[in-house]
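Visitor: I have a model open and would like to learn how to read it. Could you walk me through its features one by one?

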Amino acid sequence: MSPIRIDFAPRTFARAVLTTAPWTWLACLAGLVLCITALVFTLDALRFKNAQTAALQSALWRLNERTTRKPPPKKAQIPEAQANAINAAILQLNLPWTDFFDAIEDATPDTIALLSLEPDAKKQRIKGIAESKTSGGMIEYIEQLKKQPFFANVVLIKHEVNELDANKPLRFQFEAQWQESAP
C-alpha cells in the first residue's frame with residue numbers, strides 16, 4: 001500500500017509553488033513562450049496588414065484624384081494670320097472644282113482661247129481672261145456661260161484688241177459667280 005499524504009496546512013501561494021512538480025513548471029514555461037511567440041507573430045502580421053491597407057488606401061486615393069481631377073485641355077494658340085491662311089487654303093480646297101470645270105468646258109467653244117482662270121472662294125466668284133477672233137464669238141461665249149446652271153451671274157468686265165499679236169485677237173475679261181451647290 002502506498003503512503004497517504006495528509007496535509008492540514010493552509011494553502012498559500014508559497015506552499016503551492018514549492019509543492020508544484022518541475023514538469024508542471026516546464027509545461028507552464030513552454031506555454032508562456034508559445035503565447036509570447038504567437039503574440040509577436042500576431043502583432044507583426046497586424047502591422048503588415050495595416051501597412052498594406054494604408055498603401056492600398058493611398059493608391060486608391062491617388063487614382064481617384066487622377067480620374068476625377070482632369071486638367072483642362074490646352075487650347076492651341078494659333079496666330080490670327082496663320083488661322084486666316086489655313087482657312088483660305090481650306091476654302092480653296094473645298095471649291096466645287098468638278099462642277100466648275102464641267103461648266104467652263106461645256107460653255108467654251110473651239111474659237112475661244114482661255115488664258116487664265118482665277119477663283120475667289122470667299123466671294124464664290126471666278127475671274128477669267130480669254131481671247132476670241134471676233135466680238136460676236138466673245139458675246140456668244142458670255143451668253144453660253146450665262147446659260148450654265150452652275151453660274152448664277154456672268155459679267156463681261158472689259159475687252160480690248162491685242163495689237164501686238166499679228167492676228168489681232170479680241171482679249172476680254174469676264175467675271176462669273178457660282179451658286180452654292182447643295183450637299
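Guide: We will go from the fold to the overall shape, and then to the core. Keep in mind that this is a predicted model.

Visitor: How many helices and strands are there in the chain?

Guide: The chain holds five helices and four strands. Following the sequence, their order is α-α-α-α-β-β-α-β-β.

Visitor: And what does the radius of gyration say about how spread out the chain is?

Guide: The idea is to set the value beside the globule rule. Here the radius of gyration is 53 Å, well over the 16 Å that the rule gives for 183 residues, so the chain is more spread out than a compact globule. The C-alpha trace spans about 160 × 35 × 25 Å along its principal axes. Of the 183 residues, 16% are buried.

Visitor: Where do the charges sit on average?

Guide: The chain has 21 positive and 19 negative charges, and their mean positions are 27 Å apart.

Visitor: Which residues have the most contacts inside the largest nonpolar core?

Guide: In general, nonpolar side chains of soluble globular proteins tend to be buried together. In this model the largest nonpolar core has 21 residues, and those with the most contacts inside it are Tyr141, Leu145, Phe151, Phe172 and Phe174. Two or more residues come from each of α4 (97-107), β2 (125-132), α5 (135-147), β3 (151-161) and β4 (170-178). β4 gives the most, with five residues.

Visitor: What does Phe172 touch?

Guide: Leaving aside residues up to four places away in sequence, Phe172 touches several residues, including Ile112, Ile129, Met138, Tyr141, Ile142 and Leu156. Its contacts also include Glu131, Lys158 and His159.

Methods. Residues are numbered from 1 along each chain as its sequence is written. This is a predicted model: local features need pLDDT of at least 70, side-chain atom pairs count only at pLDDT 80 or more; totals for chains, interfaces and linings use all residues. Side-chain values use heavy atoms; hydrogens and water are left out. The radius of gyration is taken over C-alpha atoms; the globule rule is 2.2 Å times the number of residues to the power 0.38. Buried means under 20% relative accessible area, exposed over 50%, partly exposed in between (1.4 Å probe, protein chains only). Lys and Arg count as positive and Asp and Glu as negative; His and the chain ends are not counted. The place of a charge is taken as NZ of Lys, CZ of Arg, CG of Asp or CD of Glu. A nonpolar core is a set of buried Ala, Val, Leu, Ile, Met, Phe, Trp, Tyr and Cys residues joined through side-chain atoms within 4.5 Å. Contact means heavy atoms within 4.5 Å.
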